[in-house]
Amino acid sequence: MNEQGSRTDLFVNHRNALVDYAAPITGCRAEAEEVVQEAWLRFSQTEQNHLTQPLAYLYRIVRNLALDIARRAGNQRREEDAEQLFAGLPASTPSPEQHLCQQDELRLIAEALARLPERTRVAFEMHRLGGYTLQQIAAHLGISVGLAHQLVRTALSHCAAALDDESC
């Protein structure tokens with residue numbers, strides 16, 4: 001029998017065992033069948049005189065191809081999981097409705113601040129927008145720290161009430 005015929009006989013005699021060997025690695029019998037077919041193509045193209053154990057070599061080809069498929073499937077699952085995770089995250093930019101609502105709220109706060117006495121407005125703006133401490137506000141306005149705190153609290157309550165009256 002010729003060299004190719006002995007290879008074919010070897011493959012045909014061990015085909016089912018090769019599929020059984022690849023199936024647990026790939027996790028799918030259909031993929032294992034494809035792996036064995038691909039292994040046969042690679043095995044049939046190798047030179048016979050270099051192989052001392054052709055059956056072991058065939059099993060090695062099947063194992064390597066099955067592991068490649070399993071790795072690819074794992075990577076694909078991870079990519080799909082990541083895509084689903086990112087799809088579930090909220091958008092980093094506000095929707096057009098949220099944007100309009102925020103603009104409306106800012107307008108209401110600006111109007112509410114404009115209605116406040118100047119000292120109260122300045123104390124609030126310094127504290128909330130400028131990041132100044134109550135001690136720095138008191139020194140700037142020439143008032144006590146307690147009064148600075150009361151002015152900031154009054155302005156904050158006034159802005160909150162303005163938003164409550166006309167919220168989106």
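Residues are called buried under 20% relative accessible area, exposed over 50%, and partly exposed in between, with a 1.4 Å probe and protein chains only. Helices are DSSP runs of H or I with at least four residues, numbered from the N terminus. The model is predicted: local features need pLDDT of at least 70, side-chain atom pairs count only at pLDDT 80 or more, and totals for chains, interfaces and linings use all residues. Residues are numbered from 1 along each chain as its sequence is written, and side-chain values use heavy atoms, with hydrogens and water left out.

Helix α6 is described first. It spans residues 134-141, and its buried residues are Leu134, Ile137 and Ala138. These cover an arc of only 100° around the axis, so they sit on the same side of α6. The arc is that of the directions from the helix axis to the C-beta atoms. The face turned away from this buried side carries Gln135, Ala139 and His140, which are exposed. The cover over the buried residues of α6 includes α5 (118-129) and α7 (145-165). Here contact means heavy atoms within 4.5 Å. Just after α6 comes Gly142, with a positive phi of about 70°.

Charged pairs come next. Side chains of opposite charge can pair when their charged atoms come close. A salt bridge is counted when a side-chain nitrogen of Lys or Arg lies within 4 Å of a carboxyl oxygen of Asp or Glu. The structure holds seven salt bridges. One of them joins Arg15 to Glu33, with the closest N and O atoms 2.4 Å apart. Arg15 lies in helix α1 (residues 3-26) and Glu33 in helix α2 (residues 29-44), so this pair ties together parts that are 18 residues apart in sequence. Arg15 is partly exposed, at a relative accessible area of 29%. Glu33 is also partly exposed, at 23%.

Asp104 forms a salt bridge with Arg107, and their closest N and O atoms are 2.3 Å apart. Glu111 and Arg107 both lie in α4, four residues apart, or about one turn of the helix. An α-helix has 3.6 residues a turn, so residues three or four places apart point the same way. Asp104 is partly exposed, with a relative accessible area of 25%. Arg107 is partly exposed at 37%, and Glu111 counts as partly exposed at 35%.

The wider layout follows. The domain assignment gives domain 1 (1-76) and domain 2 (97-167). Such bounds come from an automatic or database domain assignment. The centres of domain 1 and domain 2, taken over C-alpha atoms, are separated by 75 Å. Glu83 lies in helix α3 (residues 54-88). Glu83 is exposed, with a relative accessible area of 54%. Along the chain, Glu83 and Ala32 are 51 residues apart, and 28 Å separate their C-alpha atoms.

Methods: Helices (H or I, at least four residues) and strands (E, at least two) are DSSP runs, numbered from the N terminus.
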